[in-house]
Amino acid sequence: MPRPRARLALFGVTLLVVVIAGCGTSKPGSYVYDWSIFWDSLLQPSPRIVNGIWLTVSIAIVSQAIGIVLGVFGALGRLAKLRPARYLANIYVWAFRGTPLLVQIMFLYYGLLVTRIYAWPDLTLVGVTIPSAIQAGVFALGVNEGAYMTEIVRAGILSVDPGQMEAGRSLGMTYSLAMRRIVLPQAARVIVPPLGNEFNNMLKTTSLLVVISVPELFVTFSQLNGSGKTSFHPFELFLACALWFLLLTTIWSVIQVFIERRVGRGAGAQSGPGLFERLFGTRLSGTEDPGHVSGGR
């Protein structure tokens, strides 16, 4: 059986041959490739592409931050002794995990807008105007992410020995203080890996905001494909778009490996997956760790 690196190299060569074969066709009426569009989009991106990249990253960061905050409150609600708090948290998780994110985006933007429940007026912060579609997109992504983070945070809290909370209370700490100082720092070792995977997913999920015309990375390339000198070059443009998303998620994977090692330092646990294993699903040595669970959706 080929080693992992050999399999990866074979897959890459096969893919390259297929692409070159498809690009080399000379049949009448066949697609005319313009590779300058592809290389310019990668090596000399226009200001529109750069703005799309920054908007994608910004939306992902803010939405994930909202999701984390909602996830912490949702997890505490699901673990609360107060029955109304448990019911509210359970309904929140049930509703937002059980309906498609695309439907939630459409409902929260167009649904609230046309019924005048909330008109999403433009918001100005520190001299920067945030259009209504971006506000609605960030809110929808953040609230949806909060439902998933609720379960991740709850699993992290439950992984901590209940005696830790009891010890904190015996020292005179309040419940909230013991949770902040004792439980949540220990739960972070369990929370961080799936949290990192959720942010990786968030970077890609921003492309769903195409339905409300938020000019993130995918929408930018869609607009370039629809007008101007780059119009109707979907192969070159969306291949470049895919590589930009791949670059963003790869950069985050490097950061995630560093964060996980920092959080897990001194915990006495086995080290998490390295960068190669995280990207390609296999170790350089060719051995798999059957007990490792990377988390994510």
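In which kind of crossing, left-handed or right-handed, does H4 pass H6? Please keep in mind that the model before you is predicted.

Two packed helices are described by the angle between their axes and the distance between the axes. For helix H4, residues 83-97, and helix H6, residues 132-158, the packing angle is about 120 degrees, and the axes lie 9 Å apart. H4 is therefore oblique to H6. As for the opening question, the crossing in which H4 passes H6 is left-handed. On the H4 side, the contact is made by Tyr92, Val93, Phe96 and Arg97. H6 contributes Val143, Asn144, Gly146, Ala147, Tyr148, Thr150 and Glu151. Sorted by class, the residues in this contact are 6 nonpolar, 3 polar and 2 charged.

Is asparagine 200 buried or exposed? Its relative accessibility is 15%, so asparagine 200 counts as buried, the cut-off being under 20%. Beyond its neighbours within four places in sequence, asparagine 200 is in contact with Thr249, Trp252 and Ser253.

Tryptophan 252, one of those partners, is located in helix H10, residues 234-263. With a relative accessibility of 16%, tryptophan 252 also counts as buried. Setting aside residues up to four places away in sequence, tryptophan 252 touches Gly196, Phe199, Asn200, Leu203 and Ile259. Between tryptophan 252 and glycine 196 there are 8.2 Å in space, C-alpha to C-alpha, although the two are 56 residues apart in sequence.

Methods:
Residues numbered from 1 in each chain as written. Predicted model: local features only at pLDDT ≥ 70, side-chain atom pairs only at ≥ 80, totals over all residues. Heavy atoms only, no water. Buried < 20%, exposed > 50% of the residue type's maximum accessible area, 1.4 Å probe, protein only. Contact = heavy atoms within 4.5 Å. Helix = DSSP H or I, 4+ residues; strand = E, 2+ residues; numbered from the N terminus. Axes fitted to C-alpha atoms, helices over the stretch in contact; angles between N-to-C directions. Parallel < 35°, antiparallel > 145°, perpendicular 65-115°, else oblique. Left-handed = near helix turned anticlockwise from the far one by under 90°. Nonpolar A, V, L, I, M, F, W, Y, C, P; charged D, E, K, R; others polar.
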